[in-house]
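Please consult the sequence and structure below while reading.

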Amino acid sequence: GNVVYFNDKLAHIFGYTAEEFRKLKIEDYIHSESLKIIRTYHQQRIKGEEMPKLYEIKGIHKQGYIVNLEVNTLVIKKDGRIAGTRNYIIDITERKKIEEKLSIESMTDELTGLFNRRGFHSLATHQVNLSKKTGKGFYIFYCDLNNMKQLNDRFGHNTGDIMLKQVANLLKNSFRKSDIISRVGGDEFVVLASEAQPESIDVMLNRLRTNIEKFNETKQYPHISLSIGYAYFNPNDSKTLDDIINIADKMMYEEKLKFKQKN
C-alpha cells in the first residue's frame, strides 16, 4: 500500500508541491470511501482475481474540495507474483461537471426550468418505490393551461411563453419544494405531491386556485385559467403510476370540456 513513486503532475492535481506531497499519507489526499475501493481491489488482485483496470475515485484537494479522478491500473509482477501496481491518474473533475450539467439538462424543460417528461418519470418512479416502502401514498395533479391557442393567436407566441412561465411559478408557489413539478407537454403540467394524503386534497386545491386568483387580480398579464385533474396513488392497491396519471389526465380533460362549453 505504499506509494514509492509519483511525478510532479500528480502532486499538482491535489494542489501540492512535490515536496509537500512527499510528506503526505495516502489518507491525506484520497477520500476514505475511495481508499476502501483501492485497497479492496489491491487485495483481490493479490489473490489472483480480475479487478477493473479503469475506475473512478475521489481525491481531496489541499483546499479541501473533492477532485474526481480516473485511474488506469497496470499490475507489476516479479517472479510471477504481484509486486505492485502502476497507476495513471487523470483529473476528470471538469468532465464530471459537464456530464452532470448534461444530465440535468436532459431532465429539465428549457422554457420553464421545471422537470420535463423524462425527468418527471425518473423521479416519480423513485417516489413510487419509496411510497411502497413507507406505506405513504401521494397525489398526482394534471394541469392544462386553458385557451393556449387563443393566447398565442391574440398576443403572440412570446406572450404564450410568458404565460407558461407564470403557470410554472404558480405551481412552484402552490406546492412544496419536495414535490415534483414538471411540464410534460406544450401546455400540460404534472405535479407529484409527495406523501400528500386524501384529507389534504381540498387544502392543496384551494391554495392553487387562490394563487391563480391573486395572479389574475394583478391584471399585468392575460388571465390564467387551469383545468385540473387529480388522483391518489395508494401503495397498497394494484394501480400503477401510469394508471394514476391517466385517471388524473381524464379528470383534467373533463374539466377542460366544461370550460370550453362555458366559454
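Predicted model: local features only at pLDDT ≥ 70, side-chain atom pairs only at ≥ 80, totals over all residues.

In what order do the 4 strands of the open sheet lie? The order is β5-β6-β4-β7, with antiparallel pairing.

- Strand β4 (residues 138-145) and strand β6 (residues 188-193) run antiparallel and are joined by 6 bridges.
- Residue I140 has L192 of β6 standing opposite.

**Helices on the sheet**

- Helix α8, formed by residues 201-218, lies across β4, β6 and β7.
- The direction of α8 runs at about 160° to β7.
- Helix α9 packs on the sheet as well, where α9 touches β4, β6 and β7.
- Between the direction of α9 and that of β7 the angle is about 155°.

**Serine 182**

- Strand β5 contains S182.
- Is S182 buried or exposed? S182 counts as buried because its relative accessibility is 0%, and the cut-off for buried is under 20%.
- A polar atom of the S182 side chain lies 2.9 Å from the backbone oxygen of V190.
- Leaving aside residues up to four places away in sequence, S182 touches L114, F115, N116, F120, E188, F189 and V190.

**Helix pair α5 and α9**

- Helix α5 (residues 117-134) packs with helix α9 (residues 241-262) at an angle of about 115°, and their axes are 11 Å apart.
- From α5, the residues making this contact are F120, H121, A124, T125 and V128, while α9 contributes L241, D242 and I245.
- Sorted by class, the contact of α5 with α9 has 5 nonpolar, 2 polar and 1 charged residues.

**Helix pair α6 and α7**

- The axes of helix α6 (residues 148-155) and helix α7 (residues 157-174) are 6 Å apart, and the two helices pack at an angle of about 140°.
- Because of that angle, α6 is oblique to α7.
- On the α6 side the contact is made by M148, L151, N152 and F155, and on the α7 side by H157, T159, G160, M163 and L164.
- The class count for the contact of α6 with α7 is 5 nonpolar, 4 polar and no charged residues.

Methods: Residues numbered from 1 in each chain as written. Heavy atoms only, no water. Axes fitted to C-alpha atoms, helices over the stretch in contact; angles between N-to-C directions. Contact = heavy atoms within 4.5 Å. Nonpolar A, V, L, I, M, F, W, Y, C, P; charged D, E, K, R; others polar. Parallel < 35°, antiparallel > 145°, perpendicular 65-115°, else oblique. Pairing = 2+ DSSP bridges. Buried < 20%, exposed > 50% of the residue type's maximum accessible area, 1.4 Å probe, protein only. Polar contact = N/O pair within 3.5 Å; in protein donor to acceptor, adjacent residues only side chain to side chain.
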